[in-house]
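Here's a walk through one structure, written for someone who likes to know the cut-offs. Have the viewer open as you read.

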Amino acid sequence: MPISSPQPVSKMPMVRDFRKPSQISEIPTETASTLDAVAERFAFRANDYYLGLIDWNDPADPIRRLVIPDVAELNAWGELDVSDEAAYRAVRGLQHKYRDTALVLTAATCAAYCRYCFRKRLFMRHNDETAQDFGPASVYVAQHPEITDVLLSGGDPLVLSTARLAAIVRRFDRIPHVRTIRIGSKVPAFNPYRLLRDEALWDLVAQVTGRGTTVYLMAHFDHPRELTDMARAGIRAMQRAGAHVVNQCPIVRGVNDDAELLAELFETTTELGMPQYYVFQGRPAIGNESYVVPLVRGWRLFDAARRRCSGLSRRVRFAMSHASGKIEVLGVDDQHIYLRYHRARNAADESRIMVARRDDHANWFDDLELLEPPVPIV
Ligand code: SF4
């Protein structure tokens, strides 16, 4: 299948990886060793394509902030497993939290590392959460006919070779009750060449969709500047292969906490046929103190951004991925924050509306004081 890209495939460079901040010539030597120390604690990786998006003359450049360590990450703050994912582990590499969805942790690495990642524990030594042998995970799904949706996540499934990814996808695609396979990935932003030069990847998507299983690429663009011509071509290649594409991202301080910028992201992703699915409240994960935007401010930015958009771009929801479920923020007034379980761990909580006392310093659901008994929607 020919692709339309700003560069012929034969001329596309292999990206060069950097594993330490001190390997990046634009980082002054006097700060590089401090940043290396941060990277010793929380994994660092970036490549020349993505670093090329940074304006190094701007110390507050959002792309720089997204990928280059900040000493504030060493502050004692946040939890290692903030959404209590361990509680949903059914077999190694598989979490089963919501009835119809199995989350499969396919890889313990990413193409680069977002500094605000809530799963940074996966990139530490002694991680035993990601699957190596996908047999037990596929047997579990086969034994649970209520699971219709398999979400491949990690780490990033698109850092795996296409042969390895295909073997994983086919295991789940063979299960008759699996109707949707999702691939959660920031590779379209970090290294779009991966999507542009790999015909086997397009063939895989085309074969799976041809068999009647729907493939979603859950892309992760945080900032409109990541939507380069190359990234757009990568998205188009996946769409032409048959994948549906949506976008999701958290609000991150210094990266995208700006209503106009979020509106541009929502409108552009809609235009590209990968509408924004969720905006997440940043999770209070370890190392993330300087990246989290308080909940009320996050809501106000989200709401202001959505108001600037057309109807198609307003389908996005603002939610917290809490241990008890996906909690949507519905609104904020002078005294209250209104919330609803969009997805719930316990069936009794489904669609439950909650009202909390407004607290402009709260970052997370656990910081809130609920004012009324939850109201079930019937
Ligand atoms: S791509 Fe996803 S899993 Fe990887 S570092 Fe970024 S947020 Fe974490």
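Gly-155 sits in the loop between β6 and α5, where helices (H or I, at least four residues) and strands (E, at least two) are DSSP runs numbered from the N terminus. The peptide bond leading from Gly-154 to Gly-155 is cis, with omega near 20°. Keep in mind that this is a predicted model: local features need pLDDT of at least 70, side-chain atom pairs count only at pLDDT 80 or more, and totals for chains, interfaces and linings use all residues. Residues are numbered from 1 along each chain as its sequence is written.

Both glycines also belong to the ligand's surroundings, along with Cys-110, Tyr-113, Cys-114, Cys-117, Arg-119, Asp-156, Lys-186 and His-220. A residue makes that list if its C-beta atom, placed from the backbone, lies within 6 Å of the molecule. The shell splits into four nonpolar, three polar and three charged residues. Here Ala, Val, Leu, Ile, Met, Phe, Trp, Tyr, Cys and Pro count as nonpolar, Asp, Glu, Lys and Arg as charged, and the others, Gly among them, as polar.

## Helix α4

In α4 (residues 135-142), Ala-137, Ser-138 and Val-141 are buried. Buried means 20 or more other C-beta atoms within 10 Å of a residue's own, exposed means 12 or fewer, and partly exposed is in between, with C-beta atoms placed from the backbone. The three cover an arc of only 95° around the axis, so they fall on the same side of α4; the arc is taken over the directions from the helix axis to the C-beta atoms.

What do the buried residues of α4 pack against? Their partners are β3 (89-91), β4 (94-95), β5 (101-105), β6 (149-153) and α5 (162-173), with a contact being two C-beta atoms, placed from the backbone, within 7 Å.

Gly-234 is buried, with 27 other C-beta atoms within 10 Å, and Ala-231 is buried with 25. Leaving aside neighbours within four places in sequence, Gly-234 contacts Pro-188, Pro-192, Leu-195 and Leu-196, while Ala-231 touches Pro-188, Ala-189, Pro-192 and Glu-226. Gly-234 and Asn-191 are 43 residues apart in sequence, yet 9.1 Å apart in space, C-alpha to C-alpha.

The largest nonpolar core has 108 residues, and those with the most contacts inside it include Val-205 and Met-238. Such a core is a set of buried Ala, Val, Leu, Ile, Met, Phe, Trp, Tyr and Cys residues joined through C-beta atoms within 7 Å. Val-205 is in contact with Met-238, and also with Val-215, Ala-241, Gly-242 and Ala-243, again skipping neighbours within four places in sequence.

## The sheet and its edge

Twelve strands make an open sheet with mixed pairing, running in order from β3 to β14; strands pair if DSSP finds at least two bridges between them. β3 and β14 (353-357) stand at the edges with a single partner strand each, so one side of each has no neighbour in the sheet.

At the β14 end, five bridges join β13 (residues 336-344) to β14, and the two run antiparallel. Leu-339 has Met-354 as its bridge partner. Met-354 and Ala-356 form the covered face of β14, whereas Ile-353, Val-355 and Arg-357 form the uncovered one. In the loop between β13 and β14 you'll find Ser-351, a residue other than glycine with a positive phi, near 65°. Most residues other than glycine have a negative phi.
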